[in-house]
Amino acid sequence: MTTDSLLRQAVAHHQRGAFADAEALYAHVLQHDPANFDALHLTGVLARQRGDAQRALELIGRAIALDGTRAIAHCNLGAAQQDAGCDGDALASYERALALQPDYPLALCNRANALRRLGRVDEALDGYAAALALSPRYPEALCNRALALQELGRHDAALDGFAAALAARPAYPEAVNGAAVSLLATGDTEGALQGFDRALQLRPGYAEAWCGRGGLLLYAGQPEAALDSWHHALAARPGYVRAQLGLANTLRALGRNEAAIIAYRQARKMGADAATVDYLLAALGAGAAPPASPPDYVAALFDGYAPRFDRHLVEELRYRTPSLLASLLQRHLPDSAGNGNGFDVLDLGCGTGLCGPHLRPLARHLGGVDLSRAMLARAGELGVYDELACAGIEPYLRDSDRQWDVLAAADVLVYIGDLDALFGAARQALRAGGRFAFSVEVLDSSKEEHKEERKAEAGYALRPSGRYAHATAYLQRLVARHGFAVLALERCTLRQDSGVDVAGLLAVMARD
């Protein structure tokens with residue numbers, strides 16, 4: 001048989017998924033013609049489809065060395081580079097493909113994917129639009145554009161995009177899963193669960209959908225059902241860090257601490273963020289507690305929690321801290337504000353803005369700062385803040401030249417153990433006579449926790465919940481050290497956890 005006829009047979013096998021037969025024929029061609037561009041290129045494509053990105057890079061690279069004028073080869077090289085985690089190299093390959101063939105929808109879509117992975121989401125949206133201008137019913141471009149919108153928090157627009165992708169390709173598991181993620185983000189937990197289940201019907205080994213399902217069930221108070229999902233995810237993709245962390249978190253929620261410790265350590269070996277894992281291990285008593293929660297952990301926690309944060313806290317955990325703190329603060333404000341029109345107030349760790357409506361009547365200017373962009377987006381929708389900033393609260397106070405009359409921190413200091421730097425930054429950011437109002441979980445509220453307090457020589461302790469509790473004596477030492485006066489220090493119930501009241505302290509301090 002001629003080389004051309006062998007190649008035609010190989011491509012036919014390749015297209016119907018008979019990879020072994022296709023590879024044998026490609027190899028036969030290369031035995032007779034080692035410099036055959038098509039056989040090298042297509043063997044590289046086949047290697048990528050089998051998950052061997054390095055072999056794909058080698059073979060497609062050899063093909064391009066023979067003939068660098070084929071746009072499709074540059075496009076496939078870019079895909080292999082993305083598989084290998086080399087997004088910058090992939091972007092360059094897609095741009096070479098487009099220089100050779102500007103009206104190439106696949107290269108436009110893939111270039112947009114690389115831009116999205118590099119964090120250049122707005123540019124990625126332009127790329128998807130260019131691909132769709134050439135091919136309006138291109139399913140991958142529609143789906144990936146929706147994923148980009150999802151990353152920007154534009155979930156309604158993302159849902160429209162996933163619907164368009166499914167109209168073009170009804171059995172499209174990535175689009176079904178993506179829609180489920182956005183449904184969850186908009187608070188539709190029932191629709192999201194149906195979506196994850198539908199994605200798993202289409203692709204039973206879809207690890208991302210198992211993880212989405214597991215996370216939903218965990219937050220819905222069904223940890224045993226969540227465990228099953230994490231196990232399925234790990235069976236589908238062994239070594240998947242997201243699934244391993246989900247498994248560990250669920251074991252911790254179930255109180256199975258020894259198993260959780262083992263699971264967290266395994267997640268660390270798999271490549272999970274070391275600071276986050278060490279922090280969670282410390283919460284279980286398997287390591288020294290850091291002085292504060294890792295910022296990336298807090299941001300990720302609340303970015304994922306944002307859609308159901310308000311309902312979960314208020315309806316399920318009976319969360320009352322914002323109203324209690326604002327009421328106590330109001331009783332201890334100066335008789336008059338600087339210009340008679342209210343105070344300059346900063347809501348520290350503002351989250352979705354639960355404190356905002358309570359603080360707004362006191363403020364001539366109300367600011368908010370938080371680590372979670374998803375939380376800030378929801379806070380902005382309230383229309384009660386004059387400004388919002390995405391930052392850690394202590395660096396924000398320390399690095400800003402602005403001064404405030406009131407700093408309020410409701411349910412925020414539970415993510416900071418050592419409060420010394422924060423008290424110093426608060427003093428710096430407050431005008432003379434300004435008020436610092438905050439809540440903490442109290443460390444010395446029961447006989448059992450007196451023992452915990454004695455263990456915590458620093459005056460704070462990290463609990464299995466992943467939240468810090470602080471001793472009254474520790475707060476009083478900080479007040480004296482940083483030139484504050486105690487105006488109020490009251491015990492209260494902050495919320496419930498598993499049906500049990502969480503004891504706390506509400507404080508209002510005045511700067512001298």
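The structure is a predicted model, in which local features need pLDDT of at least 70 and side-chain atom pairs count only at pLDDT 80 or more, while totals for chains, interfaces and linings use all residues. Residues are numbered from 1 along each chain as its sequence is written, and side-chain values use heavy atoms, with hydrogens and water left out.

The structure holds 1 cavity of 30 Å³ or more. A cavity is a set of points on a 1 Å grid over the protein atoms alone where a 1.4 Å probe fits but cannot get out; lining residues have an atom within 4 Å of a point. The volume, the space filled by probe spheres set on the points, is about 30 Å³ for the largest cavity. Its lining comprises Pro322, Leu325, Ala326, Leu329, Cys355, Leu359, Ala408 and Ala437. Helix H20 (residues 321-331) gives the largest share, 4 residues. The lining has 8 nonpolar residues, no polar and no charged. Nonpolar here covers Ala, Val, Leu, Ile, Met, Phe, Trp, Tyr, Cys and Pro.

Two of these lining residues, Ala408 and Ala437, are also bridge partners, Ala437 lying in E5. Strands E4 (residues 404-409) and E5 run parallel, joined by 5 bridges; pairing requires at least two DSSP bridges. Strands are DSSP runs of at least two residues (E), helices of at least four (H or I). In E5 (residues 430-442), 10 of 13 residues are buried, meaning under 20% relative accessible area with a 1.4 Å probe, protein chains only.

E5 also pairs with other strands. Strand E9 (residues 500-511) runs antiparallel to E5, with 7 bridges. Arg435 stands opposite Ala510 in E9. Strand E7 (residues 468-470) runs parallel to E5, with 2 bridges. Val442 has His470 of E7 as its bridge partner.

Technical notes: On a 1 Å grid over the protein atoms alone, a cavity is a set of points where a 1.4 Å probe fits but cannot get out, and a pocket is an open set with protein on both sides within 12 Å along at least five of seven lines; lining residues have an atom within 4 Å of a point. Buried means under 20% relative accessible area, exposed over 50%, partly exposed in between (1.4 Å probe, protein chains only).
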